Amino acid sequence: MAEIVKDWPCTVNGNIGVSIKGITEHSSNVKEGYLFVARKGKKDDGLLHIQEALERGAAAIVTDRYAYCAGQREEVPFVLVPDSRRFLSYACAKMAGNPSKRLTVIAVTGTNGKTTVTHFIGQLLLALGVRVAVLGTTGIFVNGVKWKIDVPEMTTLPPEYLHPLLKRCEDEGITHIVMEASSLGLSTLRLEHCDIDIGVFLNLGIDHYEEHGGKLAYFMAKKKLSTMADQLVVNMDDSNCIAMVNDATAEIYYFNEFMVANEWVPDIQFSGAVLGRHNKMNAMAAISVVRLMGYSLSELLPFCQTLVLPAGRLQRMEIGGIAVYIDYAHTPDALEAVLEALRTEWKGGLITVFGCGGDRDRGKRPKMGQIAGKYSSSVIITSDNPRSEDPLDIMDEIQLGIDSARGVQIEMEPDRKEAIRKAIFQAREGDVILIAGKGHEETQQTAFGITSFSDYRVAMDALLDKNKIQPIE
Ligand SMILES: CC(=O)N[C@H]1[C@@H](OP(=O)(O)OP(=O)(O)OC[C@H]2O[C@@H](n3ccc(=O)[nH]c3=O)[C@H](O)[C@@H]2O)O[C@H](CO)[C@@H](O)[C@@H]1O[C@H](C)C(=O)N[C@@H](C)C(=O)N[C@H](CCC(=O)O)C(=O)O
Ligand SMILES: Nc1ncnc2c1ncn2[C@@H]1O[C@H](COP(=O)(O)OP(=O)(O)OP(=O)(O)O)[C@@H](O)[C@H]1O
Ligand SMILES: N[C@H](CCC[C@H](N)C(=O)O)C(=O)O
């Protein structure tokens, strides 16, 4: 314990000669010999769980407010620090031996496209023979293989998981880490004391305003990355991205649809998976990062034709002349990008099935309704993780945004499985269906609990049923 706190401002009460076997901020994760870091959150307060941590065998407690609790013993030191969150990141990095200092770490931020860009970078590096791990919303992929390890399903991992994972990757011979930096991850200091080499700024749209406390706070959260990396790759077509890096001291490299890392490259040939302008932008961002690592365009270009999208991003199935796309668009900009791409490709009817998450930004609901109505011939509004909210209320807020004067057919179906089946059964040959919002997700979260749910499986079953095809057992 003495080693962990030696360079950190703190007041010690007790013997800090104790040895520490692990660090956690959640009392239920405490094991014998662990350091428990108590901090205040939105819903709860670690201070209220010190007792439990002690009962589970905590060897030391760190807090940022004075705390006393029954059961406190002389041999378990209580350490007071200025900010528990910041300390947690510092201590977890130190305990793991600061692996991020030796690894090349790339962090990607933006409202939309983080998962796609991290996967594109991972695919390019792997093809170039680099040993790489990709960390983000869809899991942890080491050299292209998904690792099944016990970490929370979060876009940006909290420090107690991140640094031990980086250490494990390093031990496996991984040299490059590509990860997503969510706004909430940045604002809650999950990436503090993680040494980042390249930061990528993709875009800034509407999402998480309510969790952050407004648009400015959301902007400032993402901007933080500009002070954390040595080099920045920035979308030059996005004025918010440019504003986010305007006082950065790092080297800045720009990309857009025709430019990679400040270099004009208008005619790159991509695989068919790179569908839509948004995915081309994602690919250009990824190429820019790999260029910064010293690879030439001629080395890189052949692999641009092998890029594939991550699961649940424009994932396509087609039976009987009806094409169905599963996509993770859950923000207004994302929905517009995808619908624009599909409208360009398909001339027939376009049926959009979507909802909006509960306990998340309400402002995006009517905006997504408006966009769905603008591009689709038919919209089926349904549920998407209503969480603690009433799904019908969310659906009403979405519908308010749709301009019914456009003649779009609107249907409300709170049961997502039914909504998908209705779309597939009403579609005619040549139509395309977009099922948006849940992408790779495998659950539906409602006030009554979490149930298994996959857009892909439901859609495939409905397509097979409609075409009277028996699935192979
Ligand atoms: C907004 C946010 O960052 N929430 C995370 C945060 O919650 P919080 O700060 O409000 O903490 P809290 O629940 O009030 O608890 C306070 C403290 O008491 C501790 N505690 C609590 C209960 C207990 O029994 N014992 C205990 O010790 C907690 O560990 C915590 O240290 O800290 C918790 C502990 O690490 C996380 O579980 C929780 O993420 C929840 C699961 C979550 O849903 N997060 C989402 C919104 C999120 O972070 N998403 C972004 C992606 C967004 C995007 O890209 O669109 C992500 O990076 O994943
Ligand atoms: N560059 C982009 N611009 C606008 N929309 C995009 C862009 N890239 C992807 N999208 C849309 O956003 C959806 C989610 O993409 P992706 O998972 O790559 O983003 P993300 O930022 O990781 O999302 P999340 O933060 O929720 O994990 C895609 O399915 C697509 O609809
Ligand atoms: N990372 C995002 C994912 C949203 C996906 C959508 N299906 C929803 O549940 O709102 C969030 O937690 O807000």
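Here is the tour, starting with some ground rules.

This is a predicted model, where local features need pLDDT of at least 70, side-chain atom pairs count only at pLDDT 80 or more, and totals for chains, interfaces and linings use all residues. Residues are numbered from 1 along each chain as its sequence is written, chains are lettered from A and ligands numbered from 1 in the order in which they are written, and side-chain values use heavy atoms, with hydrogens and water left out.

**Stop 1: the shell.** Select ligand 2 and show what surrounds it: 20 residues, each with a heavy atom within 4 Å of the ligand. Lys-114, Thr-115, Thr-116, Asp-327 and His-330 are the closest. Colour the shell by type and you get five nonpolar, eleven polar and four charged residues (charged being Asp, Glu, Lys and Arg; Gly counts as polar).

**Stop 2: the polar contacts.** These are N or O pairs within 3.5 Å. Pick Thr-115: a polar side-chain atom sits 2.6 Å from a ligand 2 oxygen. For Tyr-328, a backbone N or O atom is 3.2 Å from an oxygen of ligand 2. On Asp-327, a polar side-chain atom lies 2.5 Å from a ligand oxygen.

**Stop 3: Asp-327.** Stay on this residue, which is part of strand β17 (residues 322-327).

Technical notes:
A polar contact is a pair of N or O atoms within 3.5 Å; within protein, one must be able to donate a hydrogen and the other to accept it, and residues adjacent in sequence count only if both atoms are side-chain atoms. Helices (H or I, at least four residues) and strands (E, at least two) are DSSP runs, numbered from the N terminus.
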